[in-house]
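Please look over the chain shown here before reading on. The report that follows moves from the whole chain to single residues.

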Amino acid sequence: MEYLNINKEAWDKRTKVHVDSKFYDVESFKDGKSSLNTIELEQVGNVQGKSMLHLQCHFGQDTLSWARKGARVTGVDLSTEAIAQAIKLNSALELNASFIANDIYHFGDENTQLFDIVFTSYGVLCWLPDLDLWAKTIASSLIAGGEFHLVEFHAFNDLLCGYSYFPQIEPDIEEEGTYTENCDGTKSKVATWAHTLSEVINALIVAGLSIEHFKEYPYSPYNCFEGLEHVEGKGYQILHKGQQVPLLYSIKARKIS
Ligand SMILES: C[S@@+](CC[C@H](N)C(=O)[O-])C[C@H]1O[C@@H](n2cnc3c(N)ncnc32)[C@H](O)[C@@H]1O
């Protein structure tokens with residue numbers, strides 16, 4: 001089976017589990033809780049009245065959190081199940097976000113709209129085989145001077161877990177459960193790719209984006225990996241030989257012209 005179908009099937013299944021999880025806590029979200037974390041809130045800043053494209057939006061909680069902050073936002077995701085849930089949430093909350101079910105590369109080929117901001121976060125790049133094409137999609141979706149914001153899990157931890165740090169031509173094909181606490185052990189086949197930090201940064205530069213901020217973090221807001229310990233007021237950390245492992249990084253880049 002081709003990788004897009006493998007991953008779509010996995011994310012359709014995962015979404016059904018995620019919407020009922022404490023991890024995503026849809027009830028609190030409906031009651032007004034934002035799903036966004038301090039890192040992206042501080043990095044992206046004021047989005048009032050801005051047009052925003054959210055790539056790999058899953059079932060839309062972050063997309064709708066940006067909409068609650070005044071952005072005119074469009075979410076794109078491969079999973080039709082995730083997009084169906086996002087559209088349901090959008091109607092239930094009477095927000096006006098738009099959602100598109102598509103692979104980001106096909107979306108990039110078809111899209112003609114330009115956005116002030118492109119945003120994507122937490123667990124997105126490993127699903128993509130080609131970061132040059134990813135960065136081209138971002139650049140071609142931005143107005144001149146528009147901003148790109150990424151907050152992503154750091155590949156350093158994947159390396160410590162036994163995965164390749166350096167890119168491989170063939171994807172890693174594995175049977176995996178999901179990361180929410182209500183996962184009953186059911187596994188789905190997933191296809192993922194390793195990407196180095198330099199690959200991410202160079203893809204953005206080659207696509208014509210100027211990098212304005214790059215930062216690494218020892219804490220994650222999410223309890224979604226093995227070996228994490230909670231540190232009050234900070235988030236989750238992993239210690240390797242007594243030292244903190246980099247768990248996240250963030251990039252802000254601007255389309256030059
Ligand atoms: C870990 S989730 C993103 C996390 C998101 N920040 C959240 O928790 O709400 C990864 C998402 O990427 C989507 N995805 C995977 N491959 C994709 C592709 N080629 N194009 C678009 N979306 C894709 C999946 O369907 C999934 O919803």
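In this report, a residue is called buried when its relative accessible area is under 20%, exposed when that area is over 50%, and partly exposed in between, with a 1.4 Å probe and protein chains only.

## Basis of the report

This is a predicted model, in which local features need pLDDT of at least 70 and side-chain atom pairs count only at pLDDT 80 or more, whereas totals for chains, interfaces and linings use all residues. Residues are numbered from 1 along each chain as its sequence is written, and side-chain values use heavy atoms, with hydrogens and water left out.

## The chain as a whole

The secondary structure of the protein chain comes to nine helices and 13 strands; these are DSSP runs numbered from the N terminus, helices being H or I with at least four residues and strands being E with at least two. The C-alpha trace spans about 45 × 45 × 40 Å along its principal axes. Because a compact globule of 257 residues would have a radius of gyration near 18 Å, the 17 Å of the protein chain agrees with that expectation; the radius is taken over C-alpha atoms, and the globule rule is 2.2 Å times the number of residues to the power 0.38.

Buried residues make up 49% of the 257 residues. The protein chain exposes about 12,400 Å², of which carbon and sulfur atoms supply 50%, the areas coming from the Shrake-Rupley method with a 1.4 Å probe and, for residues, with only the protein chains shown counting as cover. Among contacts (heavy atoms within 4.5 Å) with a separation of 6 or more, 73% are between residues 24 or more positions apart. The mean positions of the 21 positive and 35 negative charges are 5 Å apart; Lys and Arg count as positive and Asp and Glu as negative, while His and the chain ends are not counted, and each charge is placed at NZ of Lys, CZ of Arg, CG of Asp or CD of Glu.

## The loop between α1 and α2

Ser21 is found in the loop between α1 and α2, and its relative accessibility of 5% is why it counts as buried. Leaving aside neighbours within four places in sequence, Ser21 is in contact with Thr180, Glu181 and Asn182. A polar atom of the Ser21 side chain lies 3.1 Å from the backbone nitrogen of Tyr24; a polar contact is a pair of N or O atoms within 3.5 Å, where within protein one must be able to donate a hydrogen and the other to accept it, and residues adjacent in sequence count only if both atoms are side-chain atoms.

Asp25 also has its place in the loop between α1 (3-18) and α2 (26-30), and with a relative accessible area of 27% Asp25 is partly exposed.

Most residues other than glycine have a negative phi. Asp25, although not a glycine, has a positive phi of about 40 degrees. Gln56 is not a glycine either and has a positive phi of about 55 degrees; Gln56 is placed in the loop between β1 (51-55) and α4 (61-68), and is buried, with a relative accessible area of 16%.

## Buried positions in helices

Glu40 lies in helix α3 (residues 38-44) and counts as buried at 0% relative accessibility. Beyond its neighbours within four places in sequence, Glu40 is in contact with Gly45, Trp66, Phe119, Tyr122 and Val151. Glu40 and Ser250 are 210 residues apart in sequence, yet their C-alpha atoms are 8.3 Å apart in space.

Helix α7 (residues 131-141) has as its buried residues Leu131, Trp134, Ala135, Thr137, Ile138, Ala139 and Ser141. The N-terminal end of α7 is capped by Asp130, a side-chain oxygen of which lies 2.9 Å from the backbone nitrogen of Asp132.

## Buried positions in strands

Ile251 is placed in strand β13 (residues 248-255) and, at 0% relative accessibility, counts as buried. Not counting residues up to four places away in sequence, its contacts include Phe148, Leu150, Val200, Ile211 and Phe214.

Thr74, in strand β2 (residues 72-77), counts as buried at 9% relative accessibility, and the residues it touches more than four places away in sequence include Met52, His54, Ile100 and Phe115. Ser188, in strand β7 (residues 188-192), counts as buried at 8% relative accessibility; with the same exclusion of residues up to four places away, Ser188 touches Ala10, Lys13, Glu174, Glu175 and Glu176.
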